[in-house]
Amino acid sequence: MAVCVGIIGKDNSPKYFTCLNPDEELGFQYKVLSSLDVVEEKLSSGNKTGSDMRELYLGMLYSLETHKVYGYVTNTKIKFIIVVDSTNTALRDNEIRSMFRKLHSIYADNVCNPFYIPDEPITSKSFDRSVKHIMTGA
Amino acid sequence: MNGIDTPEEGLVDRRPIITCAGELEVFSALEDSLSQALPQDSCEWRRALGRPIRSVHIGANFTPFSPSGLPKGNQWDLIRQPLFHVYWTECTDIDAYKTTVRDDIESWLKEITARDIPDWLIVVVENYDGKRTNKLLPRTTVLDKIRADFAPKQGDRCISVINPGRVETRSTDSWRGLVGRIRHLILVAYARAVMRLEDHVRHQREKRNEPGWNFMQYFHLQEELAQVLEMLGLYDEALVQYDELDALFSQFIVNGHIGDAASWLSQFQKPLERWHGLKLGPCKLRKDPSLLELRAYLFAKQAHMLLLTNKIWDVAARCLPFLHICTRELVLLDVTAPAGAISCWLFLACMEVLHTCDRYNQADQVEAYSANTACLWAYASRKLRDLGELCGLMPGEIPTSEQLHTVVGLSAGMGDCPGPSGQPSPTDKLKKALSSQEAFNRNYLELAELAMGTYKHIGHLRSARLIGREVASFYMLLGETQKAAAFLGDVLRTFEQDGWRELAAQAQLELAECHRKAGDTRRFIRACAAVSAAPEIDNLIRWSYFDEMQKCLNSLDKPLVVPFEDIIKIVSVSVKNDGAVMQDSNIEVELVVDSSFPREVLCTSVLISLELENKEHKKMKDKSVNSGRTITTKDLKVHNSALQRLHIQRHLDYKQDKQLSSASVVCRNAPLKRKDSAVASQTSNFDICLEISTLPLVLTPGVNIIRLTKQATDVGKYYLGNVAIHIGKFNLISSCLSQKLIVEVKREEPILRLDKGAAALLSGLEQIMQLSLTVGSYTLPSDTLIKLVASRGLLIQHLPNEPLASSLEINVQNTKPFSVTHMPLRVLAELPSKDHQVTLVCPWASKPIPVLLSFTPLLSTSWRLHTVQHRKFIQITVTGQTEQKLELSMPQLDVRDKIKIIGLNVTDPSSQIITNGLNVSFTWELLITPSIESPTLKAQFSVHYVAVPEEETVVNDTMMRIHMYNFDLTDYQTLYVVEANVEPTKGNEFCRVGALCNLNLCIKLAGHTLDDTSIGSSLMYEVLAEQSIWAVCGRTAGVVSFETDLEPQTVVLDVMPLNTGYLPLPLVRLSKYIPAESTIAEKPRKSAETHPRLEPFSPGQVYNLSKGRQVHVIPATVNDGHVT
């Protein structure tokens, strides 16, 4: 389903990054990095409306010929970015949402791990496995 | 080309058709004004199915009525058929009406009603004359008749109108009525027709999955609906129709890709032959369109609707998704296209949209414009670059003939679309750009710059940088390394700021290549260092860059300073000295660094700069000075001030009457200071620095522990500043340690002390004091001399066998730091001196150090003169003053001037031991001749003494010493002898208490004083009686003179004893009496001294013969007592 997942800290540095095809990782990093522009824009404009219960899901940040980039921001400004192959037409918005929700949930689990220092890059193997699980949609 | 401003032009005419019957010449006079008047005003359009009421403008086309042209029942495309039918008549005459017009109307109406058409109107045009208005109204008019005949229930179907050709107020009213009626009725009819059409469209759509259904047919059908809505001015609803078509088409393709493709899809799978640029504005769909043509048409229509609803930016926003969909659908449908054709098309589409947006871009909309067009600019530039790569137009390439063919082919496929002169169309531009490398370069860079600028403007810095990266690679190809380096530098900075290390490492890699190409060795080394230290990069690459860096290092001619950054990480810095560092000892610092170099590197020196404390340091002391001895990575982390906790304080404002005026919170430390974008790298000063002792040092990858030392030569507080690692001329320098470590270098001065022992100091005996020298933190020069100067009467010596001296110079033997030297100092103070001082003069102290010494005299000496008549005795008493036992021997009195003395002393000396409080007296008689005047004597008493050792006290000095005592003897010769005697008064036998007695005073001259002129001849006697014993009655004093008479003088005074018993006689004192009128005074005296004066005699000059004599006094009633 997803080809790449990135978790970006509140300082915009990557905390976790994975993609199905490791050879393409660099290219995806560029894509995810540029999507942060849109995330920031959305967050700053979202503040103006001042709704208390902010929608965490930001929707599609931008699309490329080959890929679509979706964003999700937790209340602590941790950004989840999912890159989806745009030829995958079967993927609906709802499925993306649910992927983000799952991702958020396992991220929260990971942060709860006393051995994980918040704001450090995530290196947990089980976390990696879970993310891969979500990405492949299995 | 720009037909957007005039929407009618080219628009498929979907205005309702109105047929006219009856007297057409009447209508033709009105046709023009009617067709103009109809769309001028809006009319409310009520629709079924709860859709909102919209106000629309409606126009109409007029055609003559013909029964054959009437639509048949159930026909769906009513829009294209006559919708509304009007019968015009001018007949005013009822008879005429009855004969002709009525039949005509009847047959007309029959035709219409036969087809179930309810939309008709009969208009009676009246031509009023001025004359006829005066006439009485006819009973029935033609209109009434018509109404009665044809529309008995629908009165609104018949209307009369006053010919508007005449200017009359009534005519405008009636004309307005007519137009309104027609408008309304048309709309009713039109609405019905639209409903029918919508139903039909819906019906058709439901059949879309049936075989034989064709999208294009359906497309035209729904587009008709859209056109109708557009015609009515309902652009948004028209847009909905186009959007539905768009979505439907997309869905078909997606479905076709997944499941069975609809057969009609095959017509879109033809190989692409034309890729004419997208054109916004009025356009026509060519028959049998290709996928791109259909898409372009659809987008153009959508854009048109958006522009009409003033949503210009939506056009731009929709553009990119549209282009993405197109490319994807081309793939999904397997449409084959010549290489580059799609890129061409995409580029042209981008440019067309951008041009259109440009036209609407106004000063107040730049924000919106930028926000929506930035990605288009970027997309266009990327596509152009793709084309350039395809056609061999990139810098440094020479197009092959094949590539030239491609260009020709692509240009042909674009077709011709010339823009107005001076404004080349996108097609023209692209053709030009593809024609030559130079044009391509210019175009590409222009687009890329625009894209970057637009991104920056909307704050999408990262996107801008990514384009910058592409531009940099382009400049690299162009050979403009300087520009490329600038872009890459920006890219690198952004990546680093965001903490994307892998990307930053990539950028470094590119930067390294850039500098290599430019031949900039220094920058190349810098980039190489960064690359080789980046763990994100493959090891092989790191090694190769590291080796290259090593090679280049040799060619450096001047030092190259590179910040540590990620190359070397400081793990910890710790000062190894405990507490302050003493001068001349070593400051030791342990530096732990983590080298990220992939291999070992040979360091030529490792330094840590030391900064002497200055004002700046003191200022920031409270903040960042680490009181500990170690700083670690944690401390070195740069704190992001924006993330720090704010110190919010309560703040209350009071009014004058102490009432609360306002309460607020304030943040004193404003953290929102602008951060300097480029912190000026402090020029670190390595003048004073810690150095490594063993060189060269091999810095291994990973953690290295390096010990640095520095001899502390100068006193002060030092802060550890920067760490520097030199590899030849390649100097890696850390940023200033943010947490300051202090090394304090102190100096301890030598201390010279002079201490006495436990016992008190005694004068007259040699004693030992302790002179101790404690050398401070630094070595004293070997020729250091300490000078000791003693005050008068004090002698000192530090050497055991040397004579005592009043000043000494001592050469310091042990000059090593912190060594302590004790020297015994022999001290001897003369008797009977008490307070002394030793001044210590040391070269390190600016002032001499006085040491006050207080001595206790060993013994004290006093003398007394005793007199018996003319004989004189001298008694000298020596009293011990200290616990120290002293043995006295060989007392001797030396009187000069030939006067003999006789010692009356015990000759055995052994018994004469004195100690505290004990005294020994010695007596000598002066043998003087009473008749001769005795001279003043200078006497010197001397006695030998030696300290007697005792068990508990050790006496150092057992030398026999002489104690000398000098005194002068003056006026010691006896001048007068006085004798007193108390006798009872005459007739009394005894002295009784309370009875007067006689005090007989007899004053005699000692013989030899007769010729002595210096002695006054008048004497005053005073009776100093003890008042509890004697009461002197009468005079108590008197003056006697021996001036004329040398005989003894006798004075009788009256005294009364007050007690009984043996009473001492009243004391009689003699004084020299100097009368007031005396002329003896040589010096001029003050007038006050004209009084007589008394001068006492020296002891020994008056001998009281009756001293100690007593008188027996008996009580008053008892018999008289006698003087014994």
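User: What makes E4(A) and E5(A) count as paired strands in this predicted model?

Analyst: Happy to walk you through it. Pairing requires at least two bridges between the strands.

User: Which strands are the edge strands of the chain A sheet, and why are they called that?

Analyst: The open sheet has five strands in the order E2-E1-E5-E4-E3, with antiparallel pairing. Strand E2 (14-19) and strand E3 (57-63) of chain A are the edges, as each pairs on one side only. From one strand to the next, the twist averages 15 degrees.

User: What packs on that sheet?

Analyst: Helix H2 (residues 93-112) of chain A does, touching strand E1 (2-8), E3, E4 and E5 of chain A. The direction of H2(A) makes about 140 degrees with that of E5(A).

User: Over in chain B, why is H5(B) described as largely enclosed?

Analyst: Buried means under 20% relative accessible area. In H5(B), 15 of the 17 residues are buried, so the rest of the structure largely encloses this helix.

User: How do you know what span to expect for H5(B)?

Analyst: At 1.5 Å a residue, 24 Å is expected, and helix H5 (residues 215-231) of chain B reaches 24 Å from its first C-alpha to its last, close to that value.

Notes. Residues are numbered from 1 along each chain as its sequence is written. Chains are lettered from A and ligands numbered from 1 in the order in which they are written. This is a predicted model: local features need pLDDT of at least 70, side-chain atom pairs count only at pLDDT 80 or more; totals for chains, interfaces and linings use all residues. Side-chain values use heavy atoms; hydrogens and water are left out. Helices (H or I, at least four residues) and strands (E, at least two) are DSSP runs, numbered from the N terminus. The expected span of a helix is 1.5 Å times one less than its number of residues. Buried means under 20% relative accessible area, exposed over 50%, partly exposed in between (1.4 Å probe, protein chains only). Axes are lines fitted to C-alpha atoms, for helices over the stretch in contact, and angles run from 0 to 180 degrees between N-to-C directions. Contact means heavy atoms within 4.5 Å.
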